[in-house]
Amino acid sequence: MKRVAFNALVMGPNIGGLGVYMQEIMNSLLQEKHNFEPVVYLPETWCKSHPEYLEHPFVKCISIRADNPILRILIDPFFWPNQLRKDSIDLFFSPMSYFPLGTNVPGIVTIHDLRSFNCPEYYPFLRYHYLQWIIRRSARNAKRIISVSQYTRDDIVKYLKVDSSNINVIHEGIHAEPWQIKSTDDEYNTYKKKYGLEKPFILSLGHLEPRKNYIRLIEAFSILKKEFSIEHDLVIVGQENWFFKEIYAKVVELNLNNSVHFTNFVAQKDIAPLYQLADVFVTVSTFEGFGFTPLESMAAGTPVVVSNCSSLPEIVGDAAILCDPYNVKDIASSINKLLSDESLKSKYIAKGLEHIKQYPWNKCVNETMKVIEEHV
């Protein structure tokens with residue numbers, strides 16, 4: 001039986017969307033039989049905190065610092081050739097948009113987005129050029145490419161000059177149930193106290209970085225306060241990535257210190273209650289390869305406003321209000337539609353709950369495994 005390597009060295013304490021994707025694939029490998037023999041490479045730190053994975057003979061724990069990109073880049077060319085030869089690997093699966101240096105067997109790569117091609121101004125010089133080179137190289141060498149959206153597939157064709165016939169579009173998924181588990185009134189009050197949520201609020205979730213477009217969202221929030229006299233606060237959940245000081249400066253400039261709350265990183269168990277407590281969820285990102293957060297909000301029963309660009313219209317369909325992320329007044333007006341009209345709000349809550357049925361994780365994983373089985 002052929003052996004397929006799964007690079008799960010992305011797994012860490014704050015796994016994000018990429019980690020969720022890889023975890024769903026690993027769960028399939030743990031629970032189901034396939035026509036190949038899997039070999040899953042996990043970081044040693046993950047194995048220590050998830051000992052249940054060690055019960056499976058195909059899991060290999062690797063002492064590589066996956067959280068240090070420079071160190072990983074230096075180690076990869078020496079680590080992978082020896083490891084793949086030692087484990088007699090026939091096919092390499094990478095979930096992280098490129099193959100690590102040193103992978104010398106045929107491979108399948110999932111490309112989640114081409115952010116560095118679309119938004120080069122958001123990247124430090126060396127990181128930008130490295131990603132340009134290694135993603136192009138990986139696409140050229142891939143036996144098959146998986147794209148998580150039609151939008152990303154079109155970007156792959158445009159920027160990487162790959163024939164669309166060599167790309168499978170497989171949407172990622174969502175487990176609706178965790179976002180729908182209700183807390184008690186006392187528990188909700190505890191969450192409100194924990195995050196200083198004394199007023200009704202608008203929620204946005206994502207790392208603090210330029211493509212999330214928080215500066216325009218804050219300007220739109222200022223319009224909502226001044227022109228529409230809303231009583232709401234704005235809550236932004238996400239850890240600091242880069243160029244985030246300008247976001248804080250905008251809050252000060254607009255005298256919104258008491259109305260805009262930054263929670264930084266929030267534990268996974270706290271996110272569902274925040275979605276449920278919010279009156280509206282907003283993401284005005286200028287670039288997304290897929291977009292988990294609007295679907296999570298829909299699952300939680302909170303209506304959604306999203307940007308009308310990149311993959312977001314594809315992912316939300318007609319179950320969210322679309323706005324121009326570059327037009328501050330349009331952002332404000334779109335949010336106010338939901339805040340000022342209860343019947344419209346109820347309509348979009350119902351639409352959202354129906355829409356998420358299109359994104360079961362098992363569909364994504366089954367289609368991914370089919371691609372692997374066809375090419376091993």
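How many aromatic pairs does the structure hold? The structure holds 18, where rings of Phe, Tyr and Trp (its six-membered ring) pair if their centres lie within 6.5 Å. This is a predicted model, so local features need pLDDT of at least 70 and side-chain atom pairs count only at pLDDT 80 or more, while totals for chains, interfaces and linings use all residues. Residues are numbered from 1 along each chain as its sequence is written, and side-chain values use heavy atoms, with hydrogens and water left out.

**View 1. W46 meets Y53 in a tilted pair.** The ring centres of W46 and Y53 are 6.3 Å apart and their planes stand at 55 degrees, so the pair is tilted (planes under 30 degrees apart count as stacked, over 60 as edge-to-face and the rest as tilted). W46 is buried at 5% relative accessible area, and Y53 is buried at 5% too (buried means under 20%, exposed over 50%, partly exposed in between, with a 1.4 Å probe and protein chains only).

**View 2. Y248 and F262 pair edge-to-face.** Here the centres are 4.9 Å apart, with 90 degrees between the planes. Y248 sits in helix α10 (residues 245-253) and F262 in strand β10 (residues 260-264), so the pair ties together parts 14 residues apart in sequence (helices, H or I of at least four residues, and strands, E of at least two, are DSSP runs numbered from the N terminus). Y248 is partly exposed at 27%, as is F262 at 28%.

**View 3. Ring pairs build a cluster.** Look for Y21, F290, F292, Y359 and W361, which ring pairs link together.
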